[in-house]
Amino acid sequence: MKIRVQRPRLLAGGVTLVLALTLSACGDGEGASGGDEIHVLVYGDATNKVEKKLVDSFNKTSDVKVVLDTIPGADYQQKLQTIISTPQAPDVFFNWGGGSIQPYVKAGLLMPLDDFIAKDPGLKDNFLPSVFNTAVVDGASYGVPMRGTQPVLLFHNKQVLRDAGLEAPKTWDDLLAAVKTLKGKGVTPIALGGGDKWTTMMWFEYLYDRVAGPELFQKALDGDKAAWESADSKKALSMIRELVGAGAFGTNFDSVKFTDGGSPALLSSGKAAFELMGSWAYATQQDADKEFAEKNLGYSAFPAIAGGKGDAANLVGNTNNFYSVLKKTKHPEEVAAFLKLMYSDQFVEEQLAVGNLPTTVNTEKFLPGSANPEYSAYQFDLVKNAPSFQVSWDQAYPPAAITPIHTAVQQFFSGQIDEGGFIQAMQALPTV
């Protein structure tokens, strides 16, 4: 039996993608596709073209074919939670490791990959240990890295900054000054796709890290609810409020989205000067406006905060994405063979070609052949030298916390709740 769910078109990075989700179900209702197909479920965006090439390479030599299913990015996590314990579950699925897979491990849905690794040590040894271990749960491996590491960077439109006589801000005070200057010139200082909510969360992640260091969030994640009401937490919230109050994001940021190309278009068109976004923003801009990506897309680290406890070299974002395997797949040997492609030379070269930064141990030698060698080397050095790389809040917590986090972030940013309301909402989150 096959079920085909048609999805609407999604404008991701300026390219309209027909995103149709094809999910196979077994006649016995045991879940995970059978027959002669392996279904691989991924987050729908501009990077899908790389995944399609890898699938095509695999299918040339395999009798069991891989079918790539995509779900629009804005709907991915909700849809995954809906189908993962049903007969419509895929064989392999995209995730962020960490808290994003722990509930599925505890529910007994995922296959430990240790047997795969015993037969092919390269599934582990060919990746940077700090990244690979993000998908280790209770001592067992449940994910193989795919795509690349994704630090959040402060992107900018070079021409807009030149016209305003500005440079990329190195400090928080520099950023506040730039906001004032840009507003005076009629430019929205910072593009924000607040309609997606997770985009707004990035500002909280960096402010909390720079003010308090990574320890505060880790304490909260470990169940110390008092961390959210600490002096450092309140200081970070006050700085967020200051930035919003200064008009840094304009007035309609909650009606703009990154996932439909709205906020990237503000940056590329010169209507906004900055956008805080994961490193995938390069691939998005390259797809939507290649000339802008090559000539006027700039990037820098998040500004330092004077007196803050967090190192200015700290990063937030996604250490990587991962492929995890459903325990009930009918084709474990073929799945293992497919996962081997995630450390192949083709994988590294194709990811670099769209601006992603793979975390294989040999990535550095391929950097000169990337879409933008300077950008790739910059990212690589940031990741290599970061004292701390904090996983995105909504991926560090279990999936049940995603909506409450996003809601609290959005409501505080837009003034619907105050400091106390935000703290109370975060203290109510379920912990891992």
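Predicted model: local features only at pLDDT ≥ 70, side-chain atom pairs only at ≥ 80, totals over all residues.
**Exercise 1. Determine whether the length of H9 agrees with its number of residues, and describe how H9 is covered.**

Solution. Step 1. The expected span of a helix is 1.5 Å times one less than its number of residues. For the 15 residues of H9 this gives 21 Å, and the end C-alpha atoms are 21 Å apart, so the two values agree.

Step 1. Buried means under 20% relative accessible area, exposed over 50%, and partly exposed in between (1.4 Å probe, protein chains only). By this criterion 15 of the 15 residues of H9 are buried, and the helix is mostly covered.

**Exercise 2. At what angle do the axes of H9 and H10 cross, and which residues make the contact?**

Solution. Step 1. Axes are lines fitted to C-alpha atoms, for helices over the stretch in contact, and angles run from 0 to 180 degrees between N-to-C directions. The axes of H9 and helix H10 (residues 214–221) come within 6 Å and cross at roughly 115°.

Step 1. Angles under 35 degrees count as roughly parallel, over 145 as roughly antiparallel, 65 to 115 as roughly perpendicular and the rest as oblique. H9 is therefore roughly perpendicular to H10.

Step 2. Contact means heavy atoms within 4.5 Å. On H9 the contact is made by Tyr208, Asp209 and Ala212, and on H10 by Pro214, Glu215 and Leu216.

**Exercise 3. Which residues touch the most other members of the largest nonpolar core?**

Solution. Step 1. A nonpolar core is a set of buried Ala, Val, Leu, Ile, Met, Phe, Trp, Tyr and Cys residues joined through side-chain atoms within 4.5 Å. The largest such core has 134 residues, of which Trp203 and Phe422 touch the most other members. Helix H9 supplies the largest share of this core, 10 residues.

Step 1. Not counting residues up to four places away in sequence, the residues touched by Phe422 include Phe204 and Tyr208, as well as Trp228, Leu237 and Trp393.

**Exercise 4. Locate Gly310 and state its surroundings.**

Solution. Step 1. Gly310 lies in the loop between strand E14 (297–300) and strand E15 (315–318).

Step 1. Its relative accessible area is 12%, so Gly310 is buried.

Step 2. Beyond residues up to four places away in sequence, Gly310 touches Asp209, Arg210, Val211, Ala212 and Gly213.

**Exercise 5. What is the order of the strands in the open sheet of 5 strands, and which strands stand at the edges?**

Solution. Step 1. Two strands pair if DSSP finds at least two bridges between them. The order is E6-E5-E7-E16-E10, with mixed pairing.

Step 1. Strand E6 (65–72) and E10 stand at the edges, each with a single partner strand, so one side of each is left without a neighbour in the sheet. On average, neighbouring strands are turned by 30° against each other, direction ignored.

Step 2. Strand E5 (residues 37–44) runs parallel to E6, joined by 8 bridges; Val42 has Thr70 in E6 as its bridge partner.

Step 3. Strand E7 (residues 92–95) is antiparallel to E16, with 4 bridges, and Val92 stands opposite Val325. Strand E10 (residues 144–146) is also antiparallel to E16, with 3 bridges; there Met146 is partnered by Asn321.

Step 4. In a regular strand the side chains alternate between the two faces of the sheet.

**Exercise 6. Are Arg147 and Lys197 buried or partly exposed?**

Solution. Step 1. Arg147, in the loop between E10 and strand E11 (150–157), has a relative accessible area of 3% and is therefore buried.

Step 1. Lys197, in the loop between strand E12 (188–190) and H9, has a relative accessible area of 25%, so Lys197 is partly exposed.

Step 2. Most residues other than glycine have a negative phi. Arg147, however, has a positive phi of about 60°, and Lys197 one of about 70°.

Technical notes: Residues numbered from 1 in each chain as written. Heavy atoms only, no water. Helix = DSSP H or I, 4+ residues; strand = E, 2+ residues; numbered from the N terminus.
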